[in-house]
Amino acid sequence: MNGNIGYLRVRVFESKKMFPIKNARVEVSRMENGSRKIYANVLTDENGSTGEISLPAMPKSYSLDKMFSMTGEKPYLEYDVSAQAENFRPEMNKKVSIFEDIVSVQSIELILEDISR
């Protein structure tokens, strides 16, 4: 990848109410050579945001390369993003696309656990 970097900002909020969830644990990972590599494991701030997470990305020039359109390969990297917080059901969003020099934003909606059982 030669130092090509893209960015991801994750926003975690409570389902339906749209309230940000502070201290939600967000993990960013991807499969590489048959095993899962974790790139980030961070907590959200009071706004439910992780801030920008730097991630390896493919060079921008790949998006214009005819080789990718002919082979069906993707000119970007995809990451799995999960979030969990106390009293909420964990959530996994797969296939978040990361592009060089671009900030991708992923919102994750967590559903409150039914603790009345």
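Predicted model: local features only at pLDDT ≥ 70, side-chain atom pairs only at ≥ 80, totals over all residues.
The protein chain has one helix and seven strands, where helices (H or I, at least four residues) and strands (E, at least two) are DSSP runs numbered from the N terminus. Residues are numbered from 1 along each chain as its sequence is written, and side-chain values use heavy atoms, with hydrogens and water left out.

**The overall picture**

Of the 117 residues in the protein chain, 35% count as buried. Buried here means under 20% relative accessible area, exposed means over 50%, and partly exposed is in between (1.4 Å probe, protein chains only). Among the contacts with a separation of 6 or more, 57% come from residues 24 or more positions apart; a contact means heavy atoms within 4.5 Å.

**The sheet**

Four strands make an open sheet in the order β3-β2-β5-β6, with antiparallel pairing. Two strands pair if DSSP finds at least two bridges between them. At the edges stand β3 and β6, each with a single partner strand, so one side of each has no neighbour in the sheet. From one strand to the next, the twist averages 25 degrees (axes are lines fitted to C-alpha atoms, for helices over the stretch in contact, and angles run from 0 to 180 degrees between N-to-C directions).

Take a look at β2 (residues 25-32): eight bridges join this strand to β3, and the two run antiparallel. R30 has K37 as its bridge partner in β3. The charged end of R30 also sits over the ring of Y79, 5.5 Å from the ring centre. That label needs NZ of Lys or CZ of Arg within 6 Å of the ring centre and within 35 degrees of the ring normal.

**Aromatic pairs**

There are two aromatic pairs in the count. Rings of Phe, Tyr and Trp (its six-membered ring) pair if their centres lie within 6.5 Å; planes under 30 degrees apart count as stacked, over 60 as edge-to-face and the rest as tilted.

| Pair | Type | Centre to centre | Angle between planes |
|---|---|---|---|
| Y39 and Y79 | edge-to-face | 5.4 Å | 85 degrees |
| Y76 and F99 | tilted | 5.0 Å | 45 degrees |

Y39 belongs to strand β3 (residues 35-43) and Y79 to strand β5 (residues 77-84), so this pair links distant parts of the chain, 40 residues apart. Y39 is partly exposed at 23% relative accessibility, whereas Y79 is buried at 0%.

F99 is partly exposed, with a relative accessible area of 34%.

T50 sits in strand β4 (residues 49-56) and is buried, with a relative accessible area of 16%. Setting aside neighbours within four places in sequence, T50 is in contact with L8, R9, V10, V26, V42 and T44. T50 and L8 are 42 residues apart along the chain, yet their C-alpha atoms are separated by 8.7 Å.

S15 is in the loop between β1 (5-14) and β2, and counts as buried at 15% relative accessibility. Its side chain makes a polar contact of 2.9 Å with the side chain of E109. A polar contact is a pair of N or O atoms within 3.5 Å; within protein, one must be able to donate a hydrogen and the other to accept it, and residues adjacent in sequence count only if both atoms are side-chain atoms. Leaving out neighbours within four places in sequence, S15 is in contact with E109, L110 and I111.
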